[in-house]
Amino acid sequence: MRGRQQLAIGALVVGVVCAVAYGATRYLRKELFPVELGSKAPDFKALTLDSIPKEKTLADYRGQVVMINVWATWCLPCRVEMPSIEALQKAYGPKGLKIVAVSIDDPGTDSGIRAFAKQYGLTFEILHDPNGEITDRYDITGYPETFIIGKDGVIRKRLMSATDWNSPEARALVDRLLTERTE
């Protein structure tokens, strides 16, 4: 009997430890694993705007310099920023920069997002996260918010407002990251 009691107590202790660890990572994630410069970019899931949407994740861009722009069609600063993102795409897309704009518009708005992209002549990749899960995973505080991720998957820049991507500073950052070697 004694061996069984010890085994039951051991299993109970392991169960409690697992429950506490799960709760801590779930409810204290932002404190334990903040999304900040120098941290690994969190994974995300979003859908393409194809007639049959495909799921894309951060892993699909592994080993590339990635610009993730979180935006919405109703966001006025997002509208202001889009032409400079398109200019960045034209200048740096052929050199290896992967621009991924993730819309957090409501479910069922794919046609509106496609119309927005057409209106602005956007040629970079646009994804849709209808549940806005990227907002939580990336600790988004407002729109637009942009993350520049190095080839190593580490966040190198975080911008919490509309940005002029034609500025010398922005272009210098992209140039540096595209030429950076990874091990």
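## Strand 3 and its partners

Strand 3 pairs with strand 6 in the antiparallel sense over 5 bridges, where two strands count as paired if DSSP finds at least two bridges between them, and where helices (H or I, at least four residues) and strands (E, at least two) are DSSP runs numbered from the N terminus. This is a predicted model, in which local features need pLDDT of at least 70 and side-chain atom pairs count only at pLDDT 80 or more, while totals for chains, interfaces and linings use all residues. Residues are numbered from 1 along each chain as its sequence is written, and side-chain values use heavy atoms, with hydrogens and water left out.

## How strand 3 is enclosed

Because 6 of the 6 residues of strand 3 are buried, this strand is largely enclosed by the rest of the structure; buried means under 20% relative accessible area, exposed over 50%, and partly exposed in between (1.4 Å probe, protein chains only). Both of its faces are covered, with Val 66, Ile 68 and Val 70 buried on one side and Met 67, Asn 69 and Trp 71 buried on the other.

## The nonpolar core

The largest nonpolar core has 46 residues, of which Phe 44, Ile 68, Leu 97, Ile 126 and Tyr 138 touch the most other members; such a core is a set of buried Ala, Val, Leu, Ile, Met, Phe, Trp, Tyr and Cys residues joined through side-chain atoms within 4.5 Å. Among the elements that give two or more residues to this core are strand 3 (66–71), helix 3 (76–92), strand 4 (98–103) and helix 4 (110–120).

In helix 4, Asp 110, Ile 113, Phe 116 and Ala 117 are buried. They cover an arc of only 120° around the axis, which puts them on the same side of helix 4, the arc being that of the directions from the helix axis to the C-beta atoms. The face turned away from this buried side carries the exposed residues Lys 118 and Gln 119, and just after helix 4, Gly 121 takes a positive phi of about 65°.

## The disulfide

A search of the whole structure finds 1 disulfide, a term for a pair of cysteine sulfur atoms within 2.5 Å. The disulfide joins Cys 75 to Cys 78, with an S to S distance of 2.4 Å, and both Cys 75 and Cys 78 are buried.
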